[in-house]
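Let's take a walk through a protein model together. Have a look at the sequence and the structure first, and then we'll go through the parts piece by piece.

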Amino acid sequence: MSYFRLLLFLLFIYLLACTTESPESKSIKETLGKELKLDMFKTVLYKNDSVSLNTIAKKYNYCYVVYLLDDCSTCYEKYIQWHKKMNKIGISENFTILFIISGKYVDDFLSEVNDIEPIDNSYFIVMDPNYYYTDGNSHVPQWILEQSILIDNNNKIRMVGSPFKNSESLKLFRDLVQK
């Protein structure tokens, strides 16, 4: 009889462990639907022109916010990969990307990128030398801010993480953006 109880207890523990949500998943679920504050930026760069940040919300239903650091070789690579992979996905009607770069000079950042691989800068950029983005979004966990975040035109967080990290993420992204 004790063997049966032990087996039942182990089965219970196993089932409990399988249904327990990871802390990361729980944080992401708690973050979805929250507002991502971007009003600290009045203008953004788009192909060498300065435009109002409101332009993004008026023109696009969805925007990926990708946070990068200047003077960071993996960030230059990430910038290149976002351009390449999003161009392959081919959704451009109601979607764009805003790169928030923690640094002072966009020309320096783009020069480093182009030294690795020349890229057509077809998305929005804002430089954030004073960490306004991370400071102004203290209601969102720091590790999530450093991920890629999909927001709608009301700045509500709809997805956390890159759409091309796996097929499930790509499907979720497509389902959200193509509504």
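## Pairing up strands

Before we start, one term: two strands count as a pair if DSSP finds at least two bridges between them. Keep in mind, too, that this is a predicted model. Now try the term out on β1 and β5: two bridges join them, and the two strands run antiparallel. Within this pair, Y46 stands opposite F124 in β5, and L45 stands opposite I125 in β5.

Strand β1 has another partner as well. Four bridges join β1 to β2, and these strands also run antiparallel. Here T43 faces S52 in β2. The two strands make a hairpin with two residues between them, and K47 in the turn has a positive phi of about 50°.

## The whole chain

Let's zoom out. The protein chain has eight helices and seven strands. Of its 179 residues, 40% count as buried. If you take the contacts between residues at least 6 apart in sequence, 76% of them join residues at least 24 apart.

## The sheet

In what order do the seven strands of the open sheet line up? Reading across, the order is β2-β1-β5-β4-β3-β6-β7, and the pairing is mixed. Strands β2 (49-52) and β7 stand at the edges with a single partner strand each, so one side of each has no neighbour in the sheet. On average, neighbouring strands of this sheet are turned by 30° against each other, if you ignore direction. As a bit of background, strands of a sheet pair through backbone hydrogen bonds, either parallel or antiparallel.

Three bridges join β6 (residues 148-152) to β7 (residues 157-160), and the two run antiparallel. In this pair I149 stands opposite V160 in β7. The hairpin of β6 and β7 has four residues between the strands, and N155 takes a positive phi near 65° there.

## Helices lying across the sheet

Two helices to find next are α5 and α8. Helix α5 lies across β1, β3, β4 and β5, running at about 125° to β5. Helix α8 (residues 167-177) lies across β3, β4, β6 and β7, and it runs at about 165° to β7.

Which residues of α5 are buried? They are V106, F109, L110 and V113. These residues cover an arc of only 90° around the axis, which means they sit on the same side of α5.

## Two helices crossing

Two packed helices are described by the angle between their axes and the distance between the axes. The axes of α4 (residues 73-89) and α5 (residues 106-116) come within 9 Å and cross at roughly 75°. That angle makes α4 roughly perpendicular to α5.

Where they meet, C75, Y76, E77, Y79 and I80 in α4 come up against F109, L110, E112, V113 and I116 in α5. Sorted by class, this contact has eight nonpolar, no polar and two charged residues.

Last stop: find S27 in helix α2 (residues 23-31). Is S27 buried or exposed? Its relative accessible area is 18%, and the cut-off for buried is under 20%, so S27 counts as buried. Leaving out residues up to four places away in sequence, S27 touches W143 and I144.

Now look from the other side. W143 lies in helix α7 (residues 142-145). At 33% relative accessibility, W143 counts as partly exposed. Again leaving out residues up to four places away in sequence, W143 touches E24, S27 and I28. W143 and E24 are 119 residues apart along the chain, with their C-alpha atoms separated by 9.4 Å.

Key: Residues are numbered from 1 along each chain as its sequence is written. This is a predicted model: local features need pLDDT of at least 70, side-chain atom pairs count only at pLDDT 80 or more; totals for chains, interfaces and linings use all residues. Side-chain values use heavy atoms; hydrogens and water are left out. Buried means under 20% relative accessible area, exposed over 50%, partly exposed in between (1.4 Å probe, protein chains only). Contact means heavy atoms within 4.5 Å. Axes are lines fitted to C-alpha atoms, for helices over the stretch in contact, and angles run from 0 to 180 degrees between N-to-C directions. Angles under 35 degrees count as roughly parallel, over 145 as roughly antiparallel, 65 to 115 as roughly perpendicular and the rest as oblique. Ala, Val, Leu, Ile, Met, Phe, Trp, Tyr, Cys and Pro count as nonpolar, Asp, Glu, Lys and Arg as charged, and the others, Gly among them, as polar. The arc is that of the directions from the helix axis to the C-beta atoms.
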